Amino acid sequence: MTDASNPLLETWTPPYGLPPFDRITDAHYAPGLEAALTEARAEIAAIANAQEAPTFDNTIRPLETGARKLGQVLRVFFHVAATDSTAEREALQKDFSGKLSAYNSEVITNAALFRRIAAVWAARADLGAEEARVTDLYYKDFTRSGAALEGAAKDRMTDIKARLALLGTEFTQNLLADERDWVMPLANGDLEGLPDFVIATAKSAAEERGMDGHVVTLSRSLIVPFLQFSPRRDLREQAYEAWVARGEHDGPTDNRGIAAEILALRDERAKLLGYGSFADYKLEPEMAKTPAAVRDLLMSVWAPAKASAEADAAVLTGMMQEDGVNGPLEAWDWRYYSEKRRQAEHDLDESELKPYLQLDKMIDAAFDCAARLFGLSFAPIDAPLAHPDARAWEIRRGDRLMAVFVGDYFARAGKRSGAWCGSLRSQHKLDGDTRAIVTNVCNFAKPAAGQPALLSFDDARTLFHEFGHALHHILSDVSYPMISGTSVARDFVELPSQLYEHWLEVPDVLQRYAVHAETGAPMPDDLLGRMLAASTYDMGFQTVEYVASALVDLAFHEGAAPADPMARQAEILSDIGMPHAIRMRHATPHFAHVFSGDGYSSGYYSYMWSEVMDADAFAAFEEAGSAFDADMASKLETHILSAGGSEEADALYQAFRGRMPGVEALLKGRGLDKAA
Ligand SMILES: [Zn+2]
C-alpha cells in the first residue's frame with residue numbers, strides 16, 4: 001500500500017474533518033504508523049539541526065504544527081482500540097506502545113533540540129502570552145524528564161526510570177495474583193440475606209473458576225455487596241481481612257518491599273532534578289503547587305469528616321447491639337449496618353427510578369443546559385463513525401461551527417470499561433480556525449430493540465460528567481494544541497466535568513427531562529427528593545477512608561523516603577486519629593494509584609481538590625441567584641472553558657471566582673457541615 005492510498009494519512013475533508021471511518025481498515029494502522037513516525041522523525045531532525053538562531057517560529061511552532069499525521073493515526077487507532085478491541089487490535093496496541101515510547105524518549109533526550117528550546121525559553125519575556133506559556137511548558141517537559149542532566153547523573157536517571165517501570169509492573173502483577181488466588185466458597189446456608197444479583201455474581205464467579213456453587217472473590221463488584229448484605233459476621237470478617245491483605249503476604253507477591261524501593265527511587269529522582277522532595281517535584285505543575293497546600297486542603301476536610309463518621313459509628317454500633325452483637329463496631333461491620341440504615345432512612349429503589357431516566361432525554365438535558373448557559377445549538381449529522389452505535393452532532397453558536405460531538409453510549413464486548421472523553425482532533429488556530437472533534441464514550445446497558453435505553457442516576461451523572469469534559473474542548477479558544485481544551489493540570493482537569501454534574505440536579509432540568517418512558521409524566525417530587533438525598537448518604541465514611549489514603553500518599557513523598565512504609569503508614573493514621581471501624585480506602589501494599597505507576601503518586605488528593613473547586617464554582621451560580629446566570633456563564637467560558645491551559649490553573653480560577661476556592665461548599669455538598 002502506498003501512503004497516498006492510506007485514508008489515515010489524508011487531510012480529512014471539511015466542514016467536519018471527521019476521519020473516514022468507512023474506508024479505514026485494520027490493515028491501514030501499522031503502515032500508517034510507520035509512515036507517520038518517519039515523517040515526525042524527519043521534522044524533529046529538521047528543527048533540532050537548523051542552522052538559524054533558535055526562535056519561537058523556527059523551534060516551538062513547528063513542534064506544535066508537526067507530527068500531524070502521527071496525531072491522526074494515533075487518535076483514530078486508540079479510539080477504535082478502546083471502544084472496539086479485538087485480538088488483532090490488542091496485538092497492534094502492544095506493538096504501537098513500544099514504538100511510541102521509543103520515539104518519545106528519542107525526542108525528550110535529543111540534546112540539540114533541548115538546547116534550542118532552552119534558548120527560546122531564556123528569551124521568553126519577549127514573546128506573546130500564549131507563546132511564552134507554550135514555550136515554558138515544553139521547557140518543563142524536557143527538564144522534568146532529565147533533559148538538562150549530564151554525565152553520571154544522566155545515566156543514573158535512565159537507570160532509575162527503567163527500574164521504576166519494572167517495579168510498577170511487578171506491584172500490579174502481585175496485586176492481580178493475590179486477587180485471583182483467593183476465593184471463599186459459600187454453602188447454600190451462607191447465601192441467606194444476599195440479594196439475587198449478589199447470588200448470581202457469586203455463582204458466575206464460581207463457574208469462571210470451574211467450581212460448583214457460589215464463591216466470594218476479591219473483586220470490588222462482588223466483595224463490597226457481600227459486605228453490605230451478608231448477615232454472617234464471621235464470613236464478613238474473613239472476606240474483609242483477605243481483601244485488605246492484598247499485596248501484604250510474605251512470599252513472592254509481597255508488595256511491601258517494592259513500595260519501599262519505589263519511594264526511595266522517586267526521592268532520588270527528585271533530588272537529581274534539584275527538588276527537595278518527590279512531592280515538590282510532582283506538585284510543581286499542578287494547581288496545588290506545594291505539599292503544604294495539599295495538606296491544608298485535606299486537613300480542613302478531615303476534622304468534619306471524622307466527626308460525621310464518628311456520629312454515624314455510634315448509630316451503627318447501636319444497631320449492632322440490637323442484633324445482640326457486643327464489643328466495638330469493626331471494619332467488616334460498617335457496610336452491613338450502613339446498608340440497613342440506608343434502607344430504613346432512604347427507601348430508594350433503583351427500579352422505581354429507572355423509567356424516568358431515559359438516555360435520549362438525558363442527552364437532550366445535557367445539550368439544553370449548554371444551550372441555556374453558552375448559546376450552543378446541536379443538530380445530528382450523518383457521517384461514518386467508528387461503530388454503528390455511535391452518533392454525531394454538529395455544535396454551532398449562531399452560524400459558527402464550534403465542534404463536532406460523537407457520543408458512543410452503549411456497553412459492548414471489546415469496549416474498555418468506565419466512561420471517558422477524548423478527542424479525534426484538538427481545537428487550535430495554527431492554520432485557520434480548526435475546531436475540535438470530541439468523543440464521549442460510556443458503558444450504559446443497551447436496550448432490546450424498540451425499547452428506550454434507561455439509565456440509573458449514576459449513569460445520568462456520568463453522562464453529564466463526560467459532557468462537561470466535552471465542553472472544555474467545544475468552547476476551547478486558544479492558538480496552540482499544547483494548551484487546547486483539556487490540556488491542563490491534573491488537579492484542574494476534573495473541574496469542568498464535576499461542575500457540569502451539578503446541572504443534572506437543578507430541579508427545573510429534572511422536571512423537564514426526567515419523564516416516565518411510558519406515560520411521559522415527570523418524576524414525582526417525593527421520588528426526586530429521595531433520589532437527591534440518597535446521594536450524600538454515608539459521606540463521613542467515604543470521606544474518611546479517602547482522605548486517610550491521600551494523607552498517607554502525601555506523607556510518603558514528602559521529605560526522605562520511609563525505610564519501612566508500613567510503619568510510617570501506621571504512624572500517620574495514629575497521628576490523625578483514624579476511627580477504629582474505618583480503614584484506608586487503599587492501604588500501601590495495594591495502593592495501585594500510587595505504586596503501579598507515577599500517575600497519582602502524591603496526586604491522590606486531586607479528586608478532592610477538584611471537588612472543592614466544582615462545589616465552590618457552582619456556589620457562584622447559586623450566589624448569583626440562578627443556575628443559568630448569564631454573567632456567571634460568560635465568566636466560566638472566558639476564564640475556564642475557553643482558556644485551556646493558556647495560564648496557570650490558579651490564575652484561571654481566580655479570574656473566574658475573584659478568589660481561590662474554599663472548602664465550605666464541598667462540606668455542605670457532602671452533608672459534612674452539620675457534623676462538626
Ligand atoms: Zn472526568
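**Rings and a zinc ion**

Biologist: Is Phe 367 buried or exposed?
Modeller: Phe 367 is buried, with a relative accessible area of 8%. Buried means under 20% relative accessible area, exposed over 50%, and partly exposed in between, using a 1.4 Å probe and protein chains only.

Biologist: What kind of model is this?
Modeller: This is a predicted model, in which local features need pLDDT of at least 70, side-chain atom pairs count only at pLDDT 80 or more, and totals for chains, interfaces and linings use all residues. Residues are numbered from 1 along each chain as its sequence is written, and side-chain values use heavy atoms, with hydrogens and water left out.

Biologist: How many aromatic pairs does the structure hold?
Modeller: There are 37. Rings of Phe, Tyr and Trp (its six-membered ring) pair if their centres lie within 6.5 Å; planes under 30 degrees apart are stacked, over 60 edge-to-face, and the rest tilted. One of the pairs is Tyr 240 with Trp 243, which is edge-to-face at 6.1 Å centre to centre, with 75 degrees between the planes.

Biologist: Where do Tyr 240 and Trp 243 sit?
Modeller: They are 3 residues apart in helix α10 (residues 233-244), so about one helical turn separates them. Helices (H or I, at least four residues) and strands (E, at least two) are DSSP runs, numbered from the N terminus. Both Tyr 240 and Trp 243 are buried.

Biologist: Back to Phe 367: how does its ring meet Trp 393?
Modeller: The ring centres are 5.2 Å apart and the planes are at 85 degrees, so this pair is edge-to-face. Phe 367 lies in helix α16 (residues 359-374) and Trp 393 in strand β4 (residues 391-397), so the pair ties together parts 26 residues apart in sequence. Trp 393 is buried, at 9% relative accessible area.

Biologist: New topic! Which residues coordinate the zinc ion?
Modeller: His 465 (NE2), His 469 (NE2) and Glu 494 (OE) do, at 2.1 Å. Donors are N, O and S atoms within 2.8 Å of the metal (3.2 Å for Na, K and Ca); water is not among the atoms, so sites may look incomplete.

Biologist: How are the donor residues spaced in sequence?
Modeller: The pattern is H-x3-H-x24-E. His 469 lies in helix α17 (residues 457-474) and Glu 494 in the loop between α17 and α18 (495-504), so the pair ties together parts 25 residues apart in sequence.

Biologist: Is His 469 buried or exposed?
Modeller: His 469 is buried, with a relative accessible area of 8%, while Glu 494 counts as partly exposed at 22%.
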